[in-house]
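Have the picture open as you go.

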Amino acid sequence: MEVKAVEKFIRISPKKARLVADVIRGKNAKESLTILKFTPKKAAKIIYKALKSAISNAENNFNIDGEGLVIK
């Protein structure tokens, strides 16, 4: 099952956001939150917020444990 969260109206270039997204792609969701917390980029804060929302969506709407989620 695929769970997602969408952030709209973000004022950052996709190229800069992709640099941060590539760092966490393929990793565990909880581990990715820790990585994003200590990444000194503007995009890290934005992606952190979206990832946290996606984890909450998975736990509340689909009863999926947040530990088993992997970033796609």
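This is a predicted model: local features need pLDDT of at least 70, side-chain atom pairs count only at pLDDT 80 or more; totals for chains, interfaces and linings use all residues.

## The nonpolar core

Which residues have the most contacts inside the largest nonpolar core? They are Val 20, Leu 36, Leu 51 and Ile 55, in a core of 13 residues. Helices α1, α2 (29–37) and α3 each supply at least two residues of this core. The biggest giver is α3, with six residues.

Take helix α1 (residues 14–24) and helix α3 (residues 42–61), whose axes come within 9 Å and cross at roughly 60°. That makes α1 oblique to α3, and the crossing of the two is right-handed. On the α1 side you'll find Lys 16, Ala 17, Val 20, Ala 21 and Ile 24, which meet Ala 43, Ala 44 and Ile 47 in α3. Sorted by class, this contact has seven nonpolar residues, one charged residue and no polar ones.

## How α1 meets α2

The axes of α1 and α2 are 9 Å apart, and the two helices pack at an angle of about 135°. They are therefore oblique to each other, and their crossing is right-handed. Here Val 20, Val 23 and Ile 24 in α1 meet Ser 32, Ile 35 and Leu 36 in α2. By class, that contact comes out as five nonpolar residues, one polar and no charged.

Not counting residues up to four places away in sequence, Ser 32 touches Ile 24, Lys 27, Leu 51 and Ile 71.

## How α2 meets α3

What angle do α2 and α3 pack at? It's about 155°, with their axes 9 Å apart. Angles over 145 degrees count as roughly antiparallel, so that is how α2 and α3 are described. This time, α2 passes α3 in a left-handed crossing.

The list of residues goes like this: Ala 29, Lys 30, Ser 32, Leu 33, Leu 36 and Lys 37 in α2 meet Ala 44, Ile 47, Tyr 48, Leu 51, Lys 52, Ile 55 and Glu 59 in α3. By class, the contact of α2 with α3 has eight nonpolar, one polar and four charged residues.

## Two residues with positive phi

One last stop, away from helix packing. Most residues other than glycine have a negative phi. Phe 9 isn't a glycine, yet it has a positive phi of about 60°. You'll find Phe 9 in the segment before α1, where it is exposed, with a relative accessible area of 81%.

Asn 63 is another one to check: its phi is near 55°, a positive value in a residue other than glycine. Look for Asn 63 in the segment after α3. Asn 63 is exposed as well, with a relative accessible area of 69%.

Definitions and conventions. Residues are numbered from 1 along each chain as its sequence is written. Side-chain values use heavy atoms; hydrogens and water are left out. Axes are lines fitted to C-alpha atoms, for helices over the stretch in contact, and angles run from 0 to 180 degrees between N-to-C directions. Helices (H or I, at least four residues) and strands (E, at least two) are DSSP runs, numbered from the N terminus. Angles under 35 degrees count as roughly parallel, over 145 as roughly antiparallel, 65 to 115 as roughly perpendicular and the rest as oblique. A crossing is left-handed if the near helix is turned anticlockwise from the far one by less than a right angle, and right-handed if clockwise. Contact means heavy atoms within 4.5 Å. Ala, Val, Leu, Ile, Met, Phe, Trp, Tyr, Cys and Pro count as nonpolar, Asp, Glu, Lys and Arg as charged, and the others, Gly among them, as polar. A nonpolar core is a set of buried Ala, Val, Leu, Ile, Met, Phe, Trp, Tyr and Cys residues joined through side-chain atoms within 4.5 Å. Buried means under 20% relative accessible area, exposed over 50%, partly exposed in between (1.4 Å probe, protein chains only).
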